[in-house]
Amino acid sequence: MSGMRITVIGAGNSGLAMAAHLSLHGDEVTLWNRTRAHIEPLIDQPIIHCSGSIEGAAVIAHVTDDLAEALANPAIVFVTTPAFSHKLLAQQMGAVLTTEPIIILNPGRTFGALEFRHEMKQVNAGINPLIAETQTILYTCRKQAPNRVEVYALKNDVLLSTIEGTNNEALIGKMPLCLQDKFIPASSMIETSIGNVGMIMHCAPILFNTGWVEATDVDFYYYRQGISPTVALFIEKMDQERLAVATLLGHPIESAMEWMKRTYHVPGETLYDVIQNNHAYDLIAAPTSLFHRYVTEDIPTGLVPLEAVGKELGLPMKHIGLIIDLASTMLDIDFRKEGRNLQDVIGQTNISPRKILI
């Protein structure tokens, strides 16, 4: 299918990459961003210059900061904003949607699709769009300017699931042609939510490298230099806790190392080896502040609900809990209080999350 009407929500790294990719393949793309100043150059001249794994000057059909305008009549809405914005965005979308497009969170992080549905229905109980989430962002990329993005790699076999986990294969068949071979159907939302490896790969390394991150005269490559053998071993311990949660929920998932081997086709005997062998990570620079999505997104919408489910299942969640505690102390933010609340996500009261999720 080509020439689809697509709305991309968010003009950040992956939003620019997705809007350019779809436009270059002939789809009619509307790009929305909340802050007009960030897209002013694209409103004046709607062309995204894309380099790397995707090359070309992509002409975007429409660029706007008006959400009602952006959601006038798309077939699919791809949400690429940080997951901490999902709650408010779902409410805003629910207030202006007059049709029921497919909505795909890229990614949902931990139980993002559940939260999105719950919040949307708080303002519009009658609307019932199909909501799905991906396991991870499709594009390994960096925004270089408001109208320019470098794409280092497109991931392969990214898991996709609806809330119910049914008809996932059919959903992929409804996506734009250029994306259909990039996604594979998950058997359950557990595989996309608990299968989210970003929270495992991002949170610990940035905190363990705080001195380098905040140094004004030092730049370093996040994966190449920021993840040493010892840091990688700690990440693997966090990953074992994530795997244990999925197993107890009845849907065993692949490890971070297995995911990276499958996604990037890289060899290695350990997680450290695989990271170092992944050339898509070669030039990814480290953040320059702890107030970065690796902390402000991946902890409250990734690790916090994951820890809550794990503890509900009787697991100690020692290493993941340590990272939440460390981030909360260093940034003086109670991430457990500010993060995704499990009961609100599920939209139930006095019901065990275990009974609902299994």
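Helices (DSSP runs of H or I, at least four residues) and strands (runs of E, at least two) are numbered from the N terminus. The structure is a predicted model, in which local features need pLDDT of at least 70 and side-chain atom pairs count only at pLDDT 80 or more, whereas totals for chains, interfaces and linings use all residues. Residues are numbered from 1 along each chain as its sequence is written, and side-chain values use heavy atoms, with hydrogens and water left out.

**View 1. The largest cavity and its lining.** A cavity is a set of points on a 1 Å grid over the protein atoms alone where a 1.4 Å probe fits but cannot get out, while a pocket is an open set with protein on both sides within 12 Å along at least five of seven lines; lining residues have an atom within 4 Å of a point. The structure holds one cavity of 30 Å³ or more, and the volume of the largest cavity is about 30 Å³, a volume being the space filled by probe spheres set on grid points joined across faces, edges and corners. Its lining consists of R117, M120, K121, I127, N128, P129 and I131, with helix α5 giving the largest share, three residues. By class, four of these lining residues are nonpolar, one is polar and two are charged, where Ala, Val, Leu, Ile, Met, Phe, Trp, Tyr, Cys and Pro count as nonpolar, Asp, Glu, Lys and Arg as charged, and the others, Gly among them, as polar.

**View 2. The largest pocket, with T80, T81, P82, R293 and E297 nearest its centre.** This pocket has a volume of about 920 Å³ and is lined by 44 residues. Two or more lining residues come from each of α1 (13–24), α4 (86–96), β9 (139–145), α9, α13 (256–264) and α15 (293–296), and β9 gives the largest share, five residues. The lining of the largest pocket divides into 20 nonpolar, 17 polar and seven charged residues.

**View 3. The second largest pocket, with P300, E338, G339, R340 and N341 closest to its centre.** The volume of the second largest pocket is about 390 Å³, and 21 residues line it. Helices α5 (112–123), α16 (299–312), α18 (335–338) and α19 (342–346) each supply at least two residues of this lining, which comprises nine nonpolar, four polar and eight charged residues.

**View 4. Helix α9 (residues 198–208), a mostly covered element.** Ten of the eleven residues of α9 are buried, that is, under 20% relative accessible area, against over 50% for exposed and in between for partly exposed (1.4 Å probe, protein chains only). The buried residues are G198, M199, I200, M201, H202, C203, A204, P205, I206 and L207.

**View 5. T30 in strand β2 (residues 28–32).** With a relative accessible area of 14%, T30 is buried. Apart from its neighbours within four places in sequence, T30 is in contact (heavy atoms within 4.5 Å) with I6, T7, V8, H62, T64 and A70.

**View 6. An aromatic cluster formed by Y222, Y223, W259, Y264, Y281 and Y294.** Rings of Phe, Tyr and Trp (its six-membered ring) pair if their centres lie within 6.5 Å, with planes under 30 degrees apart counted as stacked, over 60 as edge-to-face and the rest as tilted; by this rule there are seven aromatic pairs. Y222 and Y223 form an edge-to-face pair, 4.9 Å centre to centre with 90° between the planes, and both residues are buried. The ring centres of W259 and Y264 lie 5.9 Å apart with the planes at 90°, so this pair is edge-to-face; W259 and Y264 are buried.
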